[in-house]
Amino acid sequence: MGLTIGIVGLPNVGKSTLFNALTRAGALVANYPFATIDPNTGVVEVPDERLARLADLFHPPSVVPAAVTFVDIAGLVRGASEGEGLGNRFLAHIRECDAIAMVVRCFLDPNVTHVSGAIDPRADIEVVETELMLADLETVTRRKERTAKLARQQKEAAAELAALEQVEAGLGAGVPARRQGLSTEAITWMRPLSLLTLKPVIYVANVAEADAAAPPDSAIAAVREYAAAEGSRWVPISAAIEAELRDLDAGEARDFLESMGLKESGLNRLAREAYEVLGLITFFTAGEKECRAWTVHRGATAPEAAGVIHTDFQRGFIRAEVADWRELCELGGWTAAREKGRVRSEGRDYVVQDGDTVIFRFNV
């Protein structure tokens with residue numbers, strides 16, 4: 001399954017710099033608003049030590065990591081929901097993403113213009129959130145007008161109308177849809193609308209290079225507190241450091257990160273947060289021909305996981321042979337793991353766990 005993250009924020013907060021660093025895509029970076037008009041898209045392999053360990057064990061000719069698609073969406077400004085700064089085009093691109101990474105400027109640099117004239121992370125977040133809510137309010141209102149006509153005759157339309165009215169009232173009060181405590185049924189009604197404020201958000205505090213290992217509270221407090229208030233995730237990243245990592249090989253990148261006091265890259269942390277907010281996990285298939293990471297929703301059963309690989313696997317599912325990736329590596333492969341009784345035979349009701357290594361048995 002694909003995972004798409006839209007990188008959004010005000011102009012000149014470091015979105016395109018971060019995008020280029022993550023994807024090596026070479027998007028235009030410029031010190032003026034709307035340097036990005038059409039969205040830039042890049043597919044990024046997600047580094048995973050577990051997959052690397054499995055590859056070291058089996059030495060297959062093919063190693064396929066999980067991937068995340070990042071979309072660099074042009075800077076939003078106040079009035080975007082009404083078309084300011086070509087805002088409507090930009091908002092449409094966000095609707096196609098699974099999650100939003102909202103980049104917030106937390107660094108001082110007199111050479112990089114701030115669209116509002118001052119560094120104020122909370123105010124920047126509120127400008128973007130307001131524009132997303134206004135766009136959603138327009139979407140919900142239009143849908144409500146159509147649904148109200150049907151609600152007089154159709155029971156389902158009446159239920160949808162109630163959900164629309166709840167969301168409309170919340171948005172009108174300045175509450176994003178994801179913070180309205182919507183019921184499962186209400187969320188089901190809203191899903192076809194692709195509401196911007198119903199998407200999970202990861203706040204990315206773009207800090208100065210010198211602050212990357214230990215950002216001062218004065219720089220990141222507003223982002224941390226805003227995220228905590230709504231139960232969202234946040235991560236501090238220095239886009240400048242990520243840009244330097246872009247041109248280094250694995251060994252050089254590791255040494256550079258250590259010299260900066262960092263244990264891992266921003267990509268690793270951002271991808272991990274994205275998996276968490278979307279409720280995703282990784283399982284593996286591993287052998288002498290290929291080692292591969294697969295992404296499924298947390299709670300997926302063995303047949304559902306098999307279907308991610310191929311629909312025939314799910315349709316003809318018989319059983320799954322499962323071993324923990326760590327035990328498989330420690331014992332030296334499938335044969336030794338079976339001899340030690342560490343390979344389990346699981347049926348249709350088995351819920352796949354993060355880090356499972358699986359062989360699917362099927363018949364079609």
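Predicted model: local features only at pLDDT ≥ 70, side-chain atom pairs only at ≥ 80, totals over all residues.

Biologist: Fine. How much of the accessible surface belongs to carbon and sulfur atoms?
Modeller: 49%, out of about 17200 Å² for the protein chain.

Biologist: And what share of the residues is buried?
Modeller: Buried residues are 49% of the 364 in the protein chain.

Biologist: How many helices and strands are there?
Modeller: The protein chain has 14 helices and 12 strands.

Biologist: Tell me about the open sheet. What's the strand order?
Modeller: β2-β4-β1-β5-β6-β7, six strands with mixed pairing. On average, neighbouring strands are turned by 25 degrees against each other, ignoring direction.

Biologist: How do β1 and β4 pair?
Modeller: In the parallel sense, over four bridges, with residues 4-8 forming β1 and 67-72 forming β4. Ile5 has Phe70 of β4 as its bridge partner.

Biologist: Which strands does α4 touch when it packs on the sheet?
Modeller: β5 (99-105) and β6 (201-206), and the direction of α4 makes about 145 degrees with that of β5.

Biologist: Switching to helix pairs: at what angle do α4 and α7 cross?
Modeller: Roughly 45 degrees, with the axes coming within 8 Å. That's why α4 counts as oblique to α7.

Biologist: Which residues make that contact?
Modeller: Among them are Pro121, Arg122 and Ile125 of α4, and Ala219, Val223 and Tyr226 of α7. The contact residues divide into six nonpolar, five charged and no polar.

Technical notes. Residues numbered from 1 in each chain as written. Heavy atoms only, no water. Helix = DSSP H or I, 4+ residues; strand = E, 2+ residues; numbered from the N terminus. Buried < 20%, exposed > 50% of the residue type's maximum accessible area, 1.4 Å probe, protein only. Areas by Shrake-Rupley, 256 points an atom, 1.4 Å probe, with all protein chains shown as cover. Axes fitted to C-alpha atoms, helices over the stretch in contact; angles between N-to-C directions. Parallel < 35°, antiparallel > 145°, perpendicular 65-115°, else oblique. Contact = heavy atoms within 4.5 Å. Nonpolar A, V, L, I, M, F, W, Y, C, P; charged D, E, K, R; others polar. Pairing = 2+ DSSP bridges.
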